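Please look through the sequence and the model below before reading on. The numbered points that follow are meant to be read beside them.

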Amino acid sequence: MSTGTLDKLPIGKSARILDVGGEAALQQRLLEMGLLPGVDVTVVRQAPLGDPIEVKVMGYSLSLRRSEAANVQIETTA
Amino acid sequence: MTEGHARHDRHVIALMGNPNTGKSSLFSALTGTRQKVANFPGVTVEAKIGTARFENSEITVIDLPGTYSMAARSPDERVATDALLGRIEGTPKPDGVIIVLDASSLDRNLYIGTQILEFGLPAVVALTMVDVAESRGITVDVAKLSETLGVPVVVINAPKGRGLDDLKSTLHRTLHHPGKVLELDYPDDFLRGVNTLYNELCDLGVKLGFKPTRPEALRLLVDGAGPFFDECEEVGGEEFISKFFEIREKAAGGRSLSMHEAQTRYGAIGKWMQEVKQTETREGRTRTDIVDGILTHKFWGSLVFIVVMGLIFQSIYSWSGPLMDAIDGSFGALGEWVGGMMSDGALKSLVVDGVIAGVGGVLIFLPQILVLFLFIAILEDLGYMARAAFLMDRLMSRFGLNGRSFIPMLSGFACAIPAIMGTRVIEDRNTRLTTIFLAPFMSCSARLPVYVLFIAAFVPQMKVLGFIELQGLVLFAMYWVGVFAAIPTALVLKKGILKSKATPFLLELPSYKTPRLKAVGRTLWDRGGSFIKRAGTIILAVSVLVWAAGYFPHSQEVDDKYDAQLAEVESAYADSILEFNPEEDADSLLAQYKAIDDAHEERVAEAEEAAEDDDALEQAISESKAERNAEMAKLAAKSADAEQALSHYADWKALEERRGEIENLRGGEHLEDSFLGRAGHVIEPAVEPLGWDWRIGMAAIASFPAREVIVATLGTIFNLGGDEDEESETLREVVKNAERKDGSKLFTLATALSIMVFFALCAQCAATLAVMRRETNSWKWPIASFLYMTVLAYIGALVTYQVAHALGG
Ligand SMILES: Nc1nc2c(ncn2[C@@H]2O[C@H](COP(=O)(O)OP(=O)(O)O)[C@@H](O)[C@H]2O)c(=O)[nH]1
Ligand SMILES: [Mg+2]
């Protein structure tokens with residue numbers, strides 16, 4: 001079991017969200033979009049220029065910048 | 001409510017839900033063509049209002065922009081709440097709401113679903129995309145969902161027309177017998193906070209001017225900022241604010257309030273879903289996954305992107321060309337036709353040069369707008385717009401923009417009008433405003449005539465480094481001038497006026513869908529119509545104003561002077577020559593000579609287009625001349641009459657030339673004497689450091705309705721008449737030889753460069769400013785844009801001229 005932030009999660013890997021932080025408006029947006037503690041998230045791919053990344057959460061695809069993903073604490077079980 | 005009462009009732013229904021859930025499809029299916037764009041004052045988002053009929057009742061339907069949450073940290077986000085509570089002027093208060101939920105991502109869709117349900121309005125859930133969900137192995141128990149939420153749920157598929165009648169009758173029933181209000185299990189402290197704040201708000205109620213509701217108290221508590229907060233601060237003052245933060249702190253209990261809200265909502269949703277939704281994991285990837293594997297692939301994705309963008313740009317640039325020429329041509333012909341039926345004078349000039357030319361000047365933009373929106377509508381419907389934003393975000397974010405700004409910026413190179421209208425795809429307000437502000441910096445096609453005229457006349461035809469055409473290089477540089485000016489502007493905007501705490505760019509990548517022709521057609525119709533209605537009137541008004549400034553006072557003195565000259569010239573000619581009209585006397589000998597001459601001129605014009613270099617052109621001209629002379633001699637040899645007619649023809653031609661010269665001089669003097677010409681003189685001292693004189697200054701002012709007008713204005717002021725275009729050799733020659741008062745050359749390379757830089761940077765385009773005003777709903781932005789760009793253009797032109805002049809240009 002290891003912990004980290006979502007922006008560092010390798011492509012193709014899944015993890016469970018532990019906590020979501022960040023500046024108030026950003027945190028609120030992340031939570032509304034379904035990135036909240038206890039939810040599983042998978043990194044699907046990154047854009048050709050390396051940023052943003054695409055994740056699968058709650059059964060849909062969400063694109064977010066790495067700087068934003070850095071506010072999402074995760075733990076990997078594998 | 002009695003049956004009799006229900007007979008003629010009218011209801012107002014709001015459509016709400018996430019983006020891409022099928023709201024607009026449902027809206028169109030319900031209202032058909034009975035719809036219009038609602039004008040929400042002061043905001044950049046747009047809603048539509050339409051009417052649907054059910055049995056004997058009429059239902060007004062409001063299609064609100066899709067959002068993921070009712071959180072209202074910015075005025076734009078507040079619109080959803082305000083519209084729901086009927087607080088927007090001119091928009092009726094909804095009696096009920098249709099919550100549109102996408103079955104394929106039901107969890108996230110229910111987030112705003114629960115927020116709306118808490119408002120307690122009679123509600124019906126329209127469940128869409130059930131087909132998509134099923135293809136992914138998701139089944140939704142509709143009865144369970146309805147039972148859990150406490151409101152009716154109807155499965156619909158609007159594009160296929162399914163479930164609409166059921167939805168309407170359910171809606172009708174619900175309006176008369178609303179269900180229960182949703183109550184979620186918030187933590188105790190949180191709930192206590194909401195209630196305390198609600199009571200405080202009720203105390204403020206009178207001063208607020210409306211009766212606050214509990215869900216609003218919740219929003220205020222959690223959001224802790226935004227327009228509602230500002231209002232409360234204003235009426236409640238220091239006292240309220242300190243109480244507010246105290247309540248907040250207690251309610252939060254050391255955590256963040258948005259965390260409490262999200263966990264309560266998603267906690268409830270997760271529990272419901274265990275009963276309502278069944279997911280059977282499918283082997284293999286979905287269609288969207290497979291397509292995305294290509295379209296967002298490092299290599300293939302980038303390649304497709306470049307091809308698609310190239311296609312869009314090329315299409316705006318070249319597909320619209322023929323259409324624009326056709327519009328230009330037909331309005332020119334219309335002007336001539338109408339002009340032919342009117343007698344000379346101010347009215348004719350107003351109708352032909354003011355109104356007809358002005359209307360043409362509005363319609364000329366339609367092809368580009370329609371072509372761009374054809375692509376945007378198809379790509380948006382397809383789901384590709386989100387991918388394009390995903391691909392380009394990194395690049396655009398460097399300039400404080402986001403991935404969605406790319407297509408509007410690219411379109412700006414064809415025309416700023418569709419570009420600014422295209423910024424609607426950008427959800428974030430500040431990013432959208434920045435993009436709107438920057439789009440006119442991209443060198444649009446209207447600047448091209450200015451570049452072409454001056455480059456051809458002043459930049460020598462030579463190669464640098466052995467293979468690069470200098471003329472092409474200068475043209476290329478002109479395109480970069482705007483980009484270079486835009487970059488620091490973007491950074492200043494980002495750091496200054498539009499400072500936003502790095503707005504999040506969370507973007508849903510929706511599943512790919514097949515675009516529907518009808519929806520695409522609808523978008524084109526809406527965009528074209530709104531441009532003509534809202535921007536067209538302003539553009540037309542400006543055209544007429546500038547026409548008037550260039551026409552009046554149109555003094556009789558000037559006319560008398562040239563009438564006298566004309567009379568003097570004409571007195572030397574016989575009546576038969578004076579009255580010769582080639583169109584009426586088509587069979588006459590004079591007309592036959594004219595036909596020979598016309599054929600010669602046509603050959604020369606063709607040769608000018610085709611000739612490789614000056615030598616070839618000269619040869620072609622002399623050959624054609626010889627042919628003409630031979631044909632004329634042949635005709636003259638036929639009879640004595642014919643021989644005499646040849647010398648009459650020569651006289652007539654000389655007369656025509658003199659007449660033309662006098663008319664052009666008259667036009668030039670009227671223009672100099674006009675308010676526009678006087679304005680040119682007034683600003684002369686200001687434009688002298690740019691290497692300009694009053695004529696160029698005036699032409700710059702005259703080009704306000706549209707940049708390319710400068711070419712025709714220069715034609716008039718240099719006494720060539722107003723029909724010259726940038727390819728005209730005569731205009732180039734005249735411009736090259738024009739002199740200042742002291743006899744020195746007016747245009748040098750330095751002056752030419754200074755004019756080009758000025759036009760690359762200036763905001764001399766009434767249409768752009770009109771569209772900016774339309775899209776931002778405020779005069780603030782167009783005025784700021786005009787002032788900023790004009791100052792920038794002035795400085796740019798000043799530096800260019802002074803440097804080039806010092807270097808001997
Ligand atoms: N498969 C499927 N597609 C749908 C359904 N409803 C709408 N669509 C499509 O989903 C896309 C987005 O619809 P739109 O009405 O523009 O969504 P809006 O963003 O909520 O207004 C369009 O391409 C529609 O044709 C549905 O029930 N099933
Ligand atoms: Mg829509």
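Where is Asn777(B) found?

1. Asn777(B) is found in the loop between helix H33 (766-776) and helix H34 (780-806) of chain B. Its phi is near 60 degrees, which is a positive value in a residue other than glycine. Helices here are DSSP runs of H or I with at least four residues, strands are DSSP runs of E with at least two, and both are numbered from the N terminus.

2. Some notes on the basis of this review. The model is predicted: local features need pLDDT of at least 70, side-chain atom pairs count only at pLDDT 80 or more, and totals for chains, interfaces and linings use all residues. Residues are numbered from 1 along each chain as its sequence is written, chains are lettered from A and ligands numbered from 1 in the order in which they are written, and side-chain values use heavy atoms, with hydrogens and water left out.

3. Chain B as a whole. It contains 34 helices and twelve strands, and its C-alpha trace spans about 110 × 55 × 55 Å along the principal axes. Of its 809 residues, 51% count as buried. Buried means under 20% relative accessible area, exposed means over 50%, and partly exposed is in between (1.4 Å probe, protein chains only).

4. An N or O atom in the side chain of Asp131(B) is 2.7 Å from a nitrogen atom of ligand 1. An oxygen atom of ligand 1 lies 2.8 Å from a backbone N or O atom of Asn20(B). For Asn157(B), a polar side-chain atom lies 3.4 Å from an oxygen atom of the ligand. The protein covers 87% of the 580 Å² of accessible area that ligand 1 has on its own; these areas come from the Shrake-Rupley method with a 1.4 Å probe, and for residues only the protein chains shown count as cover.

5. Helix H14 (residues 346-363) has 18 residues and reaches 24 Å from its first C-alpha to its last, close to the 26 Å expected at 1.5 Å a residue. The expected span is 1.5 Å times one less than the number of residues. H14(B) has a kink of about 25 degrees centred on Ala357(B), where the bend is the angle between axes fitted to the seven residues ending there and the seven starting there. Buried residues in H14(B) include Ser349(B), Val352(B) and Ile356(B). Helix H11 (residues 257-276) of chain B is mostly covered, with 14 of its 20 residues buried.

6. Arg447(B). What does the side chain of Arg447(B) reach? It reaches the backbone oxygen of Ala760(B) at 3.0 Å. Arg447(B) sits in the loop between helix H19 (429-438) and helix H20 (448-458) of chain B, and it counts as buried because its relative accessibility is 1%.

7. Backbone points to check. The peptide bond from Asp51(A) to Pro52(A) is cis, with omega near -5 degrees, and Pro52(A) lies in the loop between strand S3 (40-46) and strand S4 (53-57) of chain A. Another cis peptide bond joins Phe552(B) and Pro553(B), with omega about 5 degrees. Met58(A) has phi near 50 degrees, a positive value in a residue other than glycine, and counts as buried because its relative accessibility is 19%.

Notes. A polar contact is a pair of N or O atoms within 3.5 Å; within protein, one must be able to donate a hydrogen and the other to accept it, and residues adjacent in sequence count only if both atoms are side-chain atoms.
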